[in-house]
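Me: I have a chain open on my screen and would like to walk through it with you. Shall we take it one question at a time?

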Amino acid sequence: MTLNPWRLRLLADLAVYGTVRAVAQRGNLSPSAVSQQLATLERETRTALLERTGRRVRLTAAGLLLAGRAREILARMDAAEAELRGLADEPAGTVVLAAFGSAVHTLAEPGVTRLAALHPDVTVVLHELEPHESMPALRRGDADVIITTTDFAGAELDPAIDLVPIAADEIVLVLPPEHPLTALEAVPMEACADQRWTFEAAGAYMSELATRLCREAGFEPAVICRFNNYMLALAHVEKGSSITLLPGLAVDDRYRVATRPLDPPVTRRITAAVRRLPSPRPEVTAVLTALRAHRS
């Protein structure tokens, strides 16, 4: 019996994503093609791997066992490919890099530019993903490197993930330029209790952080706007309609706004994260080195 790595990957994906349709979308396949390949894998193993209930399928105990072993096998294959690539003089290959919005232009793109000058055979595919989205993507294998912040729920230490510090980013209060609070060098959150706020969408990193800081200061924020785009938030503040909290990296000097640090200061730690492999992929290491150059 010889197991086909591609079919093993489909089985491992089914264990993660839960439905044949989701596996098909991830692999740019039709659901029927995925079902056919999984049926072939059952014939090859002479084992019932799937249990069909109506239009849905779920993994049997044997299917769950093989899916777990498949992830180990595929990781070892990736490591072997990395070792072979490491024999070459220059790293080469494609790396999927995911970064949160304010880090795309300030950290990711400058890093990709540095990388292109040093290692032209490495191709980076860049995606925008917020921290609560990028860590699961990294664990699933949908991203090879992520730029994230570790101070949010879901970013707990994971022995399968390596973290590489990149930068520290201060959280600032963003105000209309003539706002009375601009008279302060640093603003305690308690002084903002009667203000109208613009927040990110519920559940997003800055929304959760801002809500927590307001509640710790003893008040429930009066949120009048929620935007997924920092530019929209800056424009709203510029008009004098609200105030907001943003990471320093997100403040664009094209907008006529004032910023003040908080008292006490609040800083988020920005890190790159990669899956821990037996043998690191040279192209991933090259991307990490380019991103870390921001600190120098």
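This is a predicted model: local features need pLDDT of at least 70, side-chain atom pairs count only at pLDDT 80 or more; totals for chains, interfaces and linings use all residues.

Me: Is the peptide bond from Asp263 to Pro264 cis or trans?
Reply: Omega tells you here. For the bond from Asp263 to Pro264 omega is near 5°, and the bond is cis.

Me: Thanks! How many helices and strands does the secondary structure of the chain come to?
Reply: Both are DSSP runs numbered from the N terminus, helices being H or I with at least four residues and strands being E with at least two. Counted that way, the secondary structure comes to nine helices and 11 strands.

Me: What percentage of the residues of the chain count as buried?
Reply: Buried means under 20% relative accessible area, exposed means over 50%, and partly exposed is in between (1.4 Å probe, protein chains only). The C-alpha atoms fill a box of roughly 75 × 55 × 30 Å along the principal axes. Of the 296 residues of the chain, the buried share is 44%.

Me: Which residues of α1 and α3 make the contact between these helices?
Reply: The axes of α1 (residues 5-17) and α3 (residues 31-45) come within 9 Å and cross at roughly 110°; axes are lines fitted to C-alpha atoms, for helices over the stretch in contact, with angles from 0 to 180 degrees between N-to-C directions. That makes α1 roughly perpendicular to α3, since angles of 65 to 115 degrees count as roughly perpendicular, under 35 as roughly parallel, over 145 as roughly antiparallel and the rest as oblique. Contact means heavy atoms within 4.5 Å. The residues are Trp6, Arg7, Leu8, Leu10, Leu11 and Leu14 of α1 and Gln37, Leu38, Thr40, Leu41 and Glu44 of α3.

Me: Which residues does Ala15 contact, leaving aside its neighbours within four places in sequence?
Reply: Ala15 lies in helix α1 and counts as partly exposed at 32% relative accessibility. Its C-alpha atom and that of Leu59, 44 residues apart along the chain, are separated by 7.2 Å. Leaving those neighbours aside, Ala15 is in contact with Leu59, Ala67 and Arg71.

Me: And Leu74, leaving aside its neighbours within four places: which residues is it in contact with?
Reply: Leu74 lies in helix α4 (residues 61-86) and is buried, because its relative accessible area is 7%. The C-alpha atoms of Leu74 and Pro5 are separated by 7.2 Å, although these residues are 69 apart along the chain. With the neighbours set aside, Leu74 is in contact with Pro5, Leu8 and Arg9.

Me: Why is α5 oblique to α9?
Reply: The angle between their axes decides this. α5 (residues 101-118) and α9 (residues 282-292) have axes that come within 8 Å. α5 is oblique to α9 because the axes cross at roughly 120°.

Me: Which residues of α5 and α9 make their contact?
Reply: Two helices contribute to this one. The residues are Leu107, Ala108, Gly111, Arg114 and Leu115 of α5 and, from α9, Ala286, Val287, Ala290 and Leu291.

Me: Which residues form the aromatic pair that is edge-to-face?
Reply: Rings of Phe, Tyr and Trp (its six-membered ring) pair if their centres lie within 6.5 Å; planes under 30 degrees apart count as stacked, over 60 as edge-to-face and the rest as tilted. A search of the whole structure finds one aromatic pair. Its rings are 5.9 Å apart centre to centre with 65° between the planes, and the residues are Trp197 and Phe199.

Me: Is Arg46 buried or exposed?
Reply: Arg46 is found in the loop between α3 and β1 (50-53). Arg46 has a positive phi of about 55° although it is not a glycine. With a relative accessible area of 74%, Arg46 is exposed.

Methods
Residues are numbered from 1 along each chain as its sequence is written. Side-chain values use heavy atoms; hydrogens and water are left out.
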